[in-house]
Amino acid sequence: MEESPSAKRWLPLEANPDVMNQFLWGLGLPEEAAECHDVYGLDEDLLEMVPKPVLAVLFLYPITAESEAERVKEDSVGKDWSNKVYFVKQTVGNACGTIGLLHAVGNVTSEIKLREGTFLDRFFKSTASMDPLERAAFLEKDREMEVAHSLAAAAGGTEASDNVDTHFICFTCVDGILYELDGRRSGPISHGASSPSTLLQDAARVIKQMIQKNPNSMNFNVIAISKAGAA
């Protein structure tokens with residue numbers, strides 16, 4: 001979710017690994033490269049069930065007065081981040097699911113080979129040297145992505161509505177640092193040291209803290225994007 005200066009609003013993407021897989025595979029992520037999986041809980045034994053290696057973690061959480069206050073507070077602090085982090089601002093309403101997936105794939109393009117000439121291949125090559133707002137403008141004007149997002153949103157099992165109060169963010173590891181990537185923020189948030197092998201556990205630690213700050217909410221969902229065929 002995001003109320004932006006843009007008049008454009010999409011229908012929200014469902015937190016459904018099957019829908020996300022079809023969406024990503026249709027845009028150029030090879031099925032044999034990566035796939036999305038539900039994370040059924042944040043306890044160690046449930047995290048162990050998630051296929052490894054994990055490339056990125058998506059987190060859907062409810063937007064509350066507490067979460068908004070936290071976002072404003074964190075955004076008021078100056079941040080430094082590696083220029084290797086691929087980050088896109090969100091200017092389209094309800095595009096957070098797609099932005100989260102772009103953050104997930106955009107930061108592991110060295111790990112997974114996108115199909116040549118497909119949407120994702122063209123998108124990341126075209127936006128590689130852009131800043132986050134330029135990437136947002138590029139995405140906003142992209143009719144192919146808008147249509148693909150609409151089809152994916154319609155493919156979910158719940159009735160699509162553009163009136164939502166939940167939001168997707170992505171966690172990824174770049175240069176040994178765990179980053180929280182949220183298109184509504186001014187930039188990536190660093191959560192300290194991490195590694196590809198501990199990404200899931202490190203993201204789970206941060207997610208637990210976010211859930212504890214919203215004790216009255218139940219609308220949370222965690223999805224891992226793992227290398228396909230992972231153990």
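Searching the whole structure turns up one cavity of 30 Å³ or more. A cavity here is a set of points, on a 1 Å grid over the protein atoms alone, where a 1.4 Å probe fits but cannot get out; points are joined across faces, edges and corners, and a volume is the space filled by probe spheres set on them. The model is predicted: local features need pLDDT of at least 70 and side-chain atom pairs count only at pLDDT 80 or more, while totals for chains, interfaces and linings use all residues. Residues are numbered from 1 along each chain as its sequence is written, and side-chain values use heavy atoms, with hydrogens and water left out.

## Around the cavity

The largest cavity has a volume of about 40 Å³. Its lining residues (an atom within 4 Å of a point) are Phe23, Leu24, Leu27, Thr98, Leu101, Leu102, Val105, Leu120 and Met145. Helix 1 (17–27) and helix 4 (96–106) are the elements that give two or more residues to this lining, and helix 4 supplies the largest share, four residues. Helices are DSSP runs of H or I, at least four residues, and strands are runs of E, at least two, numbered from the N terminus.

By class, the cavity lining has eight nonpolar, one polar and no charged residues. Ala, Val, Leu, Ile, Met, Phe, Trp, Tyr, Cys and Pro count as nonpolar, Asp, Glu, Lys and Arg as charged, and the others, Gly among them, as polar.

## The open pocket

The largest pocket (an open set with protein on both sides within 12 Å along at least five of seven lines) has a volume of about 340 Å³. Of its 18 lining residues, Asn107, Val108, Glu111, Cys173 and Pro196 are the closest to the centre. Strand 2 (54–62) and strand 3 (166–174) are the elements that give two or more residues to the pocket lining, which by class has eight nonpolar, six polar and four charged residues.
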